[in-house]
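Good morning, colleagues. Please take a moment to look at the sequence and the structure, and then I shall go through a few of the contacts.

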Amino acid sequence: MKKKIRILVADDHAVVRMGLVTLIDSETDFEVVAQAGNGEQTIKGVHATHPDVVLLDLVMPGMDGAKVIQTVKNECPETRILVLTSFSTTADISRALNAGADGLLLKSSDYSDVAKGIRTIFAGGTSIAPEVQKMISVTPPVPGLTQRQLEILESLCRGLTNADIARQLNISADGVKFHITSILAKLGAANRAEAISIALREHLLV
């Protein structure tokens with residue numbers, strides 16, 4: 001039997017949270033293992049249930065959303081985080097990605113996009129809404145990337161996992177990891193999601 005993706009849903013609006021829970025539970029490969037209404041509850045829920053994915057509202061009472069992401073990533077690094085939020089400021093979005101969010105979608109997104117985003121980040125990819133990509137501010141010029149690094153960066157932007165990239169480019173998984181580490185260092189990015197944001201802002205793949 002295929003393993004279900006175990007999900008914690010965190011949103012301070014009970015109606016929104018219950019709606020998400022109902023939709024998620026309708027998926028045969030999803031399972032809601034916990035709910036949270038604020039940042040502290042989210043962290044406690046992660047420790048108690050060890051979900052595969054946290055579906056996280058960025059703005060909740062108490063602990064700042066970016067702090068929640070950073071705490072979860074530091075204490076439970078295997079947990080993937082998909083932020084689902086209303087339109088926030090560019091600074092809020094950048095802080096969330098810098099803190100380690102694996103994806104960021106808007107609450108105006110179709111549920112099918114949310115479900116796809118959950119599956120994508122669970123598989124090791126990244127999911128960022130096009131509207132979010134447009135909001136991110138311009139950063140200073142970045143060092144040039146090699147052709148191979150550009151190919152891998154383009155694959156990351158398409159949400160491919162390391163294994164997918166290795167197969168597509170016919171290189172080893174260790175080779176992919178090495179190139180991604182180099183890409184992050186050159187771009188000054190903390191993680192894959194931030195590297196994708198920089199690539200889109202700077203039109204590195206055009």
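I begin with the nonpolar core. Of the 63 residues in the largest nonpolar core, those touching the most other members are Ile7, Leu55, Leu56, Ile69, Ile118, Leu153 and Leu187. Such a core is a set of buried Ala, Val, Leu, Ile, Met, Phe, Trp, Tyr and Cys residues joined through side-chain atoms within 4.5 Å, where buried means under 20% relative accessible area with a 1.4 Å probe, protein chains only.

This is a predicted model, in which local features need pLDDT of at least 70 and side-chain atom pairs count only at pLDDT 80 or more, while totals for chains, interfaces and linings use all residues. Residues are numbered from 1 along each chain as its sequence is written, and side-chain values use heavy atoms, with hydrogens and water left out.

Leaving aside residues up to four places away in sequence, Ile7 touches Ile24, Phe30, Glu31, Val32, Val33, Ala34, Pro51, Val53, Leu55 and Ile118; contact means heavy atoms within 4.5 Å.

Now to Ser127, in strand β6, residues 127-128; strands are DSSP runs of E, at least two residues, numbered from the N terminus. Is Ser127 buried or exposed? Ser127 is buried, because its relative accessible area is 12%. Its contacts, not counting residues up to four places away in sequence, include Leu82, Asp102 and Ile121.

Finally, in helices α9 and α10 (H or I runs in DSSP, at least four residues), Ile180, Leu184 and Leu187 of α9 meet Arg192, Ala195 and Ile198 of α10.

Technical notes
Buried means under 20% relative accessible area, exposed over 50%, partly exposed in between (1.4 Å probe, protein chains only).
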